Amino acid sequence: MDMEISWTKNSTKSFVHVAIVLFFMFGFKLVCPPFSTVTPVGVAVLGVFFGVVWGWSTWCATWASILGIIALGFTGFQTVTQALQFGFSNNVVLTLLFIFPFMYTLEHGGIIKIITCSMVNMRFAQGKPWLISFLLLLSAVVIGAVVNVFVAIFFVWSVFYNMCETYHIEKGRYTTYMIFGITFAANMGCMILPFLPFVAMPLGAYQSVSGEALNSGAYTAFAVVMNIVYLICYFILGKYVLRIDLSHTKLGGIEGVERVTGYQKFVMALLVVLLVILFWPSVMPAGWTVTELFRTLGTTATPAVLIVVLGVLNFREGITIQEMFTKGINWGVVFLVMSVMTILNPLGNSSTGIPGLITSIMEPLLSGQNTMMFLIIVTLLPAFFTNFSSNTVMAVVFVPIAYTFAVKAGLNGGSLTAMLCMITTCSLMTPAGSATAAILHGNKDWISPKQAIGYGAVSMVLVWVSTMVVGYPLGGVLF
């Protein structure tokens, strides 16, 4: 039985996890000799990696991420200062430090409500419960993409609760279907924009192993199409497979919608400007002066400039730059991304011997397989295991492995990376799969644990099959 300790908020179980993390980071190299192709430095790096993975998968993700960066300074690969400098100077980390505050202005400005109400209140959808349900799920995708997955879940859940109360919809098969669907839609939607943290980490892993960045425009197009495919499949699941009957359900729009203010219109315009500048270099001629300007601004300076614009104009309805940064930045995610980017560096360096170890383990499994069997193995394994571990960990671990063998097999590594980004995100079957899964399983008033597990398993199969059937050929065209 887990015992409580009076002087701390932690339990004995928590301190067991602390001990395991510390052992891997600092003690593993003392008890594990070099093996296979792995050098003494490589053993120490593996220990740090195992330690942060354990920390990410339990309750200590933030401090384990910070300590993991420091621990790299004791492996012999680099100094503590070099590890910290590498982490803080990483382009993905710098992007997050400005993207988070800008996205917070969208949340604070009420843009989320505008997006949801505008979609659900469309005139052609009124009196059509299945169409309104689809638009509600689509709004969760959009909010998850442009703001935050957690904001999307809780806000759209709240809208749905109010709709159930207004239109006298009792809890049952339909409400269970929608509660899971909103979570599923928001969870997959957060993988659309390549500069947001959950996408940036696996794409950073791809860049580390391939030496080049994945085309942002192509990836976003891939993610948008696949999210639409997932929603259509989920819609078919509810209406034609589960045959949820809404013939007697009266479902309309959202009442009491306030008029959009000038400030809100300006902030939404800035969001459009942000997206245009970030994607312009990927789709427009490189020789144009404006293309060169936007490429120079990049993912880091663009949101920074927009924050400065908001600070200079100083709207009465707006917030200060200080509030944007103090309330907007999720430091837990920032340090998690820092540790991922920093630890991937030695993991992919041939001097540690770790790339050779991965090759020796995976080659007997993957070599000699035809293209389809190779794709099944490298996508089905993470699709299943992501439900029992951090989806970020699964993506970061499998992307370099899959890319290495995809290149040897003559396959498109960029396409496979985009597929893995989608597949590893669908992790709602167990509470251990992700923070969104824990939130879903905790909403026992609207969905039972058994129902969450069932829908989670179905969604895993749905995403995997549709990504293989649609995503593989789509990726071949885009990448």
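How many residues does helix 9 have, and how far does helix 9 reach from its first C-alpha to its last? In this predicted model, helix 9 spans residues 173-189 and has 17 residues. Its reach is 24 Å, close to the 24 Å expected at 1.5 Å a residue. Helix 9 is also mostly covered, as 16 of its 17 residues are buried.

Aromatic pairing was examined next. A pair of aromatic rings is described by the distance of the centres and the angle of the planes. The count comes to 29 aromatic pairs. One of them joins F24 and F28. Their ring centres lie 6.1 Å apart and their planes meet at 50°, so the pair is tilted; stacked pairs need planes under 30 degrees apart, and edge-to-face pairs over 60. Both residues belong to helix 1 (residues 12-31). F24 and F28 are four residues apart there, and so are separated by about one helical turn. Both F24 and F28 are buried.

Ring pairs also build a cluster. Its members are W130, F134, F160, Y161, Y174, Y177, F180, F184, Y234, F235, W446 and Y455. One member, W446, has a charged neighbour: K171 lies over the face of the W446 ring, at 4.7 Å from the ring centre.

The surface carries a nonpolar patch of about 530 Å². V224, I228, I232, I236, Y240 and V241 make this patch. Among them, I228 lies in helix 11 (residues 216-241). The relative accessibility of I228 is 43%, so I228 counts as partly exposed. That class lies between the buried limit of 20% and the exposed limit of 50%.

Methods:
Residues numbered from 1 in each chain as written. Predicted model: local features only at pLDDT ≥ 70, side-chain atom pairs only at ≥ 80, totals over all residues. Heavy atoms only, no water. Phe/Tyr/Trp six-rings, centres within 6.5 Å; stacked < 30°, edge-to-face > 60°. Helix = DSSP H or I, 4+ residues; strand = E, 2+ residues; numbered from the N terminus. Buried < 20%, exposed > 50% of the residue type's maximum accessible area, 1.4 Å probe, protein only. Lys NZ or Arg CZ within 6 Å of the ring centre and 35° of its normal. Expected span 1.5 Å × (residues − 1). Patch = residues over 30% accessible without salt bridge, like charges linked within 9 Å, V, L, I, M, F, W, Y side chains within 5 Å. Areas by Shrake-Rupley, 256 points an atom, 1.4 Å probe, with all protein chains shown as cover. Salt bridge = Lys/Arg side-chain N within 4 Å of Asp/Glu carboxyl O.
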